[in-house]
Amino acid sequence: MKPKLLLLTFAGGALGSVLRYGVTLVAPHPAAWLWTVNLLGALALGFVHTNSRFASEERQVFWGTGFAGGFTTMSSLIAYVILGKELTAFYLFLQIITGVLIYWLGRAFGGERSWPNS
């Protein structure tokens, strides 16, 4: 990987992680903030994957891999379900299915060009 792309991924991930933390302060219940960040992140990722303004490799790694990857958190979702911390396997299933649908909605909003990076 090119050093520039690595730095862009890191910077996007840092921004996404900071914003995710901000959401946890506004919506402190895990079900609320996990739902919010994962679905907004899926929407953003779909948009970034298809909108021509994000067609460059640099913008894809910053906004897609970095920002959306840092903003969303499947690991926290899985941990809450496995550890039995207020969330159920049904919640996990519902979030994954809804996330896929929201991702495709983001692609539609983005302009639906061929994927990836073309």
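**Close-up views of a predicted model**

**View A. Surroundings of T73.** Leaving out residues up to four places away in sequence, T73 touches R20, W33, L34, V37 and N38, where contact means heavy atoms within 4.5 Å. The model is predicted: local features need pLDDT of at least 70, side-chain atom pairs count only at pLDDT 80 or more, and totals for chains, interfaces and linings use all residues. Residues are numbered from 1 along each chain as its sequence is written, and side-chain values use heavy atoms, with hydrogens and water left out. T73 sits in the loop between α3 and α4; helices (H or I, at least four residues) and strands (E, at least two) are DSSP runs, numbered from the N terminus. T73 counts as buried, its relative accessibility being 4%. Buried stands for under 20% relative accessible area, exposed for over 50%, and partly exposed for values in between (1.4 Å probe, protein chains only). The side chains of T73 and S76 are joined by a polar contact of 3.1 Å. Such a contact is a pair of N or O atoms within 3.5 Å; within protein, one must be able to donate a hydrogen and the other to accept it, and residues adjacent in sequence count only if both atoms are side-chain atoms.

**View B. Packing of α1 on α2.** The two helix axes, α1 and α2, come within 9 Å and cross at roughly 145 degrees. Axes are lines fitted to C-alpha atoms, for helices over the stretch in contact, and angles run from 0 to 180 degrees between N-to-C directions. From α1, the residues R20, V23 and T24 meet W33, T36 and V37 of α2. By class, the residues of this contact are 3 nonpolar, 2 polar and 1 charged; Ala, Val, Leu, Ile, Met, Phe, Trp, Tyr, Cys and Pro count as nonpolar, Asp, Glu, Lys and Arg as charged, and the others, Gly among them, as polar.

**View C. The largest nonpolar core and W33.** This core has 11 residues in all: V23, A27, W33, L34, V37, F71, L77, V81, L87, Y91 and L92. Two or more residues each are given by α2, α4 (74-82) and α5 (89-110), with the largest share, 3 residues, from α2. A nonpolar core is a set of buried Ala, Val, Leu, Ile, Met, Phe, Trp, Tyr and Cys residues joined through side-chain atoms within 4.5 Å. Setting aside neighbours within four places in sequence, W33 contacts R20, V23, T24, A27, P28, T73, S76 and Y80.

**View D. T50 in α2.** T50 belongs to helix α2 (residues 30-50) and is buried, at 2% relative accessible area. A polar atom of the T50 side chain lies 3.0 Å from the backbone oxygen of R107.

View E. K85 is in the loop between α4 and α5 and is partly exposed, with a relative accessible area of 44%. From C-alpha to C-alpha, K85 and A31 are 10.0 Å apart in space and 54 residues apart in sequence. S56 lies in the loop between α2 and α3 (57-71); S56 is partly exposed, with a relative accessible area of 29%. S56 and F93 are 37 residues apart in sequence, with 33 Å between their C-alpha atoms.

**View F. M1 ahead of α1.** M1 is placed in the segment before α1 (3-26) and is exposed, with a relative accessible area of 74%. M1 and T73 are 72 residues apart in sequence, and 24 Å apart in space from C-alpha to C-alpha.
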